[in-house]
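Please look over the model shown below before reading on. The briefing that follows takes its chains and selected local features in turn.

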Amino acid sequence: MRQAKDNLLRAMLWGSAFVSVAILFTIVGYLFYKGFSYISFDFIFGDYSPIGGGGIFPMIVTTIYTILISLIIATPIGILAAVYLHEYAKQGRLVRIIRYATESLTGIPSIIYGLFGAVFFVATLKLGMSIIAASLTLTIIVLPVIIRTTEEALKTVPASYREGSLALGTTKLQTLYKVILPSAMPGILSGIILSIGRIVGESAAIFLTAGTVAAMPDSIFSSARTLTVHSYLVTQESGDIGLAAAIGIVLIVIILALNLSATYISKKFNKADY
Amino acid sequence: MVMMVTEVAAVNKQQVSTASAQSKILVDDLNLFYGEKQALFNVSLDIKEKEVTALIGPSGCGKSTFLRTLNRMNDLIDGVRVSGNITIDGEDIYASNDVIKLRTKVGMVFQKSNLFPMSIYDNVAYGPRMQGIKNRKVLDALVEESLRGAAIWDEVKDRLKTSALGLSGGQQQRICIARTIAMKPDVILMDEPTSALDPISTLKVEELITQMKKDYTIVIVTHNMQQAARISDKTAFFLNGEVVEYDDTNVIFSTPKDQRTEDYVTGRFG
Ligand SMILES: Nc1ncnc2c1ncn2[C@@H]1O[C@H](COP(=O)(O)OP(=O)(O)OP(=O)(O)O)[C@@H](O)[C@H]1O
Ligand SMILES: [Mg+2]
């Protein structure tokens, strides 16, 4: 009986793992099946032509811009906020309210952020429809994600590390920088990777703040179109699923590359010369 | 001739040990509160230089709390209040707010090894580096000296660059001691340093403590009566946050003055 239960559980675990992997492979396989023939040097590095055909290079550049700018702003602010909440703030009502607020913020549909960005960054701050307005909006979207994951990561650092370090006559800041943050790094990293996914997956909020100009941006103050917005628009205009799939492949490659470099950078940081 | 030298040495040693039996830490009427709850009551102790002082007593009687007042680790806990006086080398440790200086002078070894997830070398060099020592040669020498001081150099000298977390529990605990020694402290506090170790590792750490006492003043919390009897010079018996009796270890274990001490050391309660 016990044996049978055990086998059943094992089968269920194996089954779930199989289903998840199978779904992933099906999607990726489908993308490649539909889109791979579109991929060429001209497609990736060519300029877009509105008459049909042409490349997606401007959108690749715009996508990378938005990811990098949002992360460069959101990561330090998010980590500092989490460190403050977890290590410095007196644990009381105020901190609980802030925590509850950040948690709620992660659940708000992104179109709301998009509308806010359109009103505040685009109009009030007069940034216009631009990469920078979109990046700032995305910063607000991913900030709660980074704060949450960093706080969770800080919670997993054993209290004994803190005590051990402080008992050696170090300051709180040294302890934070040399022991706590490096130990929390894997968790912080997963927050950053989640954020990259969130930024790349975003369309509505970007559509409302960066616009849809399908040309190479002159600067981060230009209106531009990200890959995700582009794939939505071309599918809608031309109904060409293959093209959208090809864009999907490019997106997957970009995400993989960014995740790998984030992992690499955090490893470097972890080995910082003590 | 050889005889004479030994005799002289013996006499010297005698003098050294009497001369060094002077006060290192003076605790006067110490009370400690966790919020509303009082954990230490009017504790007064005179801890001698270069001796091992053992703190014994049943669970929850305040041994760790007391130990942690000596390097002000209790400051980390919200709502802790302390009254009374603790002086080390005549200096009131609660008068100034320089806990950094205090903790470099008063090191601490914890119940469970709390080495950082770094190499053995980096663990031992951690404290000195945080004090601003960067010179590689100086650090190398300091690391070796500390590991030798903790009687673990021979076991780890070929793998200083590997993770400290790969060592056995007993080895890790001795690295913790080395890490503390690297700060060149005067006083080393130990909170049940062998309670998580097997008997052989325990014996090694005990031997080490006995050797270390020529250089350091050691205050050790232990649940193990034999251990207190084996390694300490003085023993303080704590009960419900008070010091019931404080005397030479052999007195505490053979002819204690208080009935409660006798009951405890003979294993009748606790
Ligand atoms: N952070 C804290 N907050 C509130 N009360 C505490 C705290 N730490 C310890 N206490 C209380 O203070 C008393 C003394 O605790 P302490 O840890 O010093 O005992 P101990 O003698 O070291 O016990 P053990 O032998 O189990 O380690 C206990 O009643 C304990 O519950
Ligand atoms: Mg204790």
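How far apart are the end C-alpha atoms of residues 241-265 of chain A, and what share of the span is helix? The end C-alpha atoms lie 36 Å apart, and the span is 100% helix and 0% strand, where helices (H or I, at least four residues) and strands (E, at least two) are DSSP runs numbered from the N terminus. This is a predicted model, in which local features need pLDDT of at least 70 and side-chain atom pairs count only at pLDDT 80 or more, whereas totals for chains, interfaces and linings use all residues. Residues are numbered from 1 along each chain as its sequence is written, chains are lettered from A and ligands numbered from 1 in the order in which they are written, and side-chain values use heavy atoms, with hydrogens and water left out.

**Chain A: overall**

- The secondary structure of chain A comes to 11 helices and 0 strands, and its pattern along the sequence is α-α-α-α-α-α-α-α-α-α-α.
- Taken along the principal axes, the box filled by the C-alpha atoms of chain A is roughly 70 × 65 × 40 Å.
- Of the 274 residues in chain A, 45% are buried, where buried means under 20% relative accessible area, exposed over 50% and partly exposed in between (1.4 Å probe, protein chains only).
- Chain A exposes about 14,500 Å², of which carbon and sulfur atoms supply 72%; accessible areas come from the Shrake-Rupley method with a 1.4 Å probe.
- Among contacts in chain A with a separation of 6 or more, 73% join residues 24 or more positions apart, a contact meaning heavy atoms within 4.5 Å.

**Chain A: annotated spans**

- An unreviewed UniProt entry places "domain: ABC transmembrane type-1" at residues 60-262 of chain A; such annotations may be inferred rather than shown by experiment.
- The end C-alpha atoms of residues 60-262 of chain A are 19 Å apart, and this span is 80% helix and 0% strand.
- The unreviewed UniProt entry also gives the feature "transmembrane region" for several stretches of chain A, including residues 127-147 and 241-265.
- For residues 127-147 of chain A, the end C-alpha atoms lie 26 Å apart, with 81% helix and 0% strand in the span.

**Chain B: a helix pair**

- The axes of helix H4 (residues 120-130) of chain B and helix H7 (residues 169-181) of chain B come within 7 Å and cross at roughly 35°, the axes being lines fitted to C-alpha atoms over the stretch in contact and the angles running from 0 to 180 degrees between N-to-C directions.
- Ile120(B), Asn123(B) and Val124(B) of H4(B) make this contact with Ile175(B), Ala178(B) and Arg179(B) of H7(B).

**Chain B: individual residues**

- Ile86(B) belongs to strand S4 (residues 80-88) of chain B and is buried, with a relative accessible area of 0%.
- The C-alpha atoms of Ile86(B) and Leu30(B) are separated by 7.6 Å, although these residues are 56 residues apart along the chain.
- Lys50(B), in the loop between strand S2 (37-48) and strand S3 (52-56) of chain B, has a positive phi near 50° and counts as partly exposed at 35% relative accessibility.
- Arg72(B), in the loop between helix H2 (63-69) and S4 of chain B, has a positive phi near 60° and counts as buried at 6% relative accessibility.
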